[in-house]
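Subject: Structure handover and notes

Hello,

Here is the structure I said I would pass on. My notes follow it, arranged by region.

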Amino acid sequence: MCDCGKKHIFLASPHMSEEKYEQAYVKEAFDTNWIAPLGENVNRFEKEMSEKLGAKAATALTTGTAAIHIGLKTLGVGKDDIVFCQSLTFSASANPIIYQNAIPVFIDSDEDTWNMSPDALERAFEKYPNVKAVIVVHLYGLSADMDRIIDICNKHNVPIIEDSAESLGTTYKGKYTGTFGHLGIISFNGNKIITTSGGGMLLFNGENAEAEAKKARFWATQSREPARHYQHSEIGYNYRMSNIVAGIGRGQLKVLDNRVEKKRYIYNYYEEHIGSLDGIELMPMHEWSKSNCWLTAITLSDKVTPERLMNALEQANIESRPIWKPMHMQPVFAGCDYIDNGRVAQKIFENGVCLPSDTKMTDEDLVRVCKEIRKLWL
Ligand SMILES: *Cc1c(COP(=O)(O)O)cnc(C)c1O
């Protein structure tokens, strides 16, 4: 925060519905004392989300990270199994591979989508014929090139986990992201397009969706078997979403479409007002996908560096953020293999900036952000 006296503009902040739907569902949970452990909100939230997206089943969990973890377990990923994972992403996409004692191999991106490069993926399969799962990310709400990725994975008979943590509401060829892979995951963390204060969901799209969702619920509630005494034959986790949190989620789901609309408006505003500046390029859009525009990200070339732009915005009390640092460049994954496609992920990281994309922003706020940016081009 700065002391310039100007209103702080957030990158992305929680935005509860004007109608207070969230509070109504939470109040219902209080009134019926369905505070914990489970209850109607959890069941309904799973059902409402599956119906909205067109997933076959869903399991509500404490975080998106937990959803990836349970997703890997669902696919039988264990010790020393190889998992391909997009390099340009947030660390939560990759950490659960390590939780399972499996081995991540990171895959570079395409300039065209910013997401997993199908060419690099093909080369990865040549090098590693035995792969247990592929984690594809839809970064910043941009859809990956799913047709080609699915083709390649089908050829090798390897299931996909779609990390749709940032892309809830994005469609690819008319269908929601998160419903293409054998599994998909969503996050309801505080900065995501809708939030439950913290939460996640695992989506099931395969033939045994219902059975897999049930098994996921079992693992997520300490693998407790249906016996009066506490009986366990498997290691479990305490990952289940609470009924209070699910109430917030149900309310938020009602305004998802409004949030997507506003995010797209913000993207279009930036495109119109700073998109033509020399050396600015907005993240790529395609006619085959409708992005939720979770964050409007840009890349810079020429005279204005990301550092300079972020500093200028900070001086004006405006939040911005670099692009995720690719996983193959992270010290914690230093020993892992990486399949390169011409350093695309690295270049996007080094030249990129995420602009404030808060759905509470007014036109005045957008004018202010664009004015600060345009000043750097004077
Ligand atoms: C936020 C995020 C996650 C993790 O979700 P949490 O709910 O915060 O655990 C995973 N992958 C990506 C790409 C994310 O942005």
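Of the 15 residues around the ligand, the nearest are Thr65, Asp163, Glu166, Ser187 and Lys192. Please keep in mind that this is a predicted model. By type, the shell around the ligand is made up of four nonpolar, eight polar and three charged residues.

- Glu166: a polar side-chain atom lies 2.5 Å from a ligand oxygen.
- Ser187: an N or O atom of the side chain is 2.7 Å from a ligand oxygen.
- Gly64: here a backbone N or O atom is involved, at 2.8 Å from a ligand oxygen.

On its own the ligand has 390 Å² of accessible area, and the protein covers 94% of that.

Helix H3

Gly64 also belongs to helix H3, which spans residues 64-74. This helix is mostly covered, with 10 of its 11 residues buried. The buried set consists of Gly64, Ala66, Ala67, Ile68, His69, Ile70, Gly71, Leu72, Lys73 and Thr74. At the start of H3, Thr63 has a side-chain oxygen within 3.4 Å of the backbone nitrogen of Thr65. After the helix comes Gly76, with a positive phi near 75 degrees.

Ile68 is one of the residues in H3. Its relative accessibility is 2%, so Ile68 counts as buried. Apart from neighbours within four places in sequence, Ile68 is in contact with Ala92, Ser93, Pro96, Ile135, Ile161, Asp163 and Ile185. Asp163 is also among the residues that come nearest to the ligand. Ile68 and Ile186 are 118 residues apart along the chain, and their C-alpha atoms are separated by 9.1 Å.

Helix H1

In helix H1 (residues 21-31), the buried residues are Glu22, Tyr25, Val26 and Ala29. These residues lie on the same side of H1, because they cover an arc of only 95 degrees around the axis. An α-helix has 3.6 residues a turn, so residues three or four places apart point the same way. What does the buried side of H1 pack against? The partners of its buried residues are helix H2 (40-53) and helix H8 (243-253). The face turned away from the buried side carries the exposed residues Gln23, Phe30 and Asp31. H1 is followed by Asn33, which has a positive phi near 60 degrees.

Two further buried residues

His15 sits in the segment before H1. With a relative accessible area of 10%, His15 is buried. Its side chain makes a polar contact of 2.7 Å with the side chain of Thr359. Leaving out residues up to four places away in sequence, His15 touches Gln252, Arg259, Thr359 and Lys360.

Thr177 is in the loop between strand S7 (175-176) and strand S8 (183-187). Is Thr177 buried or exposed? At 3% relative accessibility, Thr177 counts as buried, since the cut-off is under 20%. The side chain of Thr177 is in polar contact with that of Ser167, at 2.9 Å. Not counting residues up to four places away in sequence, Thr177 touches His138, Ser143, Glu162, Ser164, Ser167 and Thr170.

Regards

Conventions
Residues are numbered from 1 along each chain as its sequence is written. This is a predicted model: local features need pLDDT of at least 70, side-chain atom pairs count only at pLDDT 80 or more; totals for chains, interfaces and linings use all residues. Side-chain values use heavy atoms; hydrogens and water are left out. Buried means under 20% relative accessible area, exposed over 50%, partly exposed in between (1.4 Å probe, protein chains only). Helices (H or I, at least four residues) and strands (E, at least two) are DSSP runs, numbered from the N terminus. A polar contact is a pair of N or O atoms within 3.5 Å; within protein, one must be able to donate a hydrogen and the other to accept it, and residues adjacent in sequence count only if both atoms are side-chain atoms. A residue is near a molecule or strand if one of its heavy atoms lies within 4 Å of it. Accessible areas come from the Shrake-Rupley method with a 1.4 Å probe; for residues, only the protein chains shown count as cover. Ala, Val, Leu, Ile, Met, Phe, Trp, Tyr, Cys and Pro count as nonpolar, Asp, Glu, Lys and Arg as charged, and the others, Gly among them, as polar. The arc is that of the directions from the helix axis to the C-beta atoms. Contact means heavy atoms within 4.5 Å.
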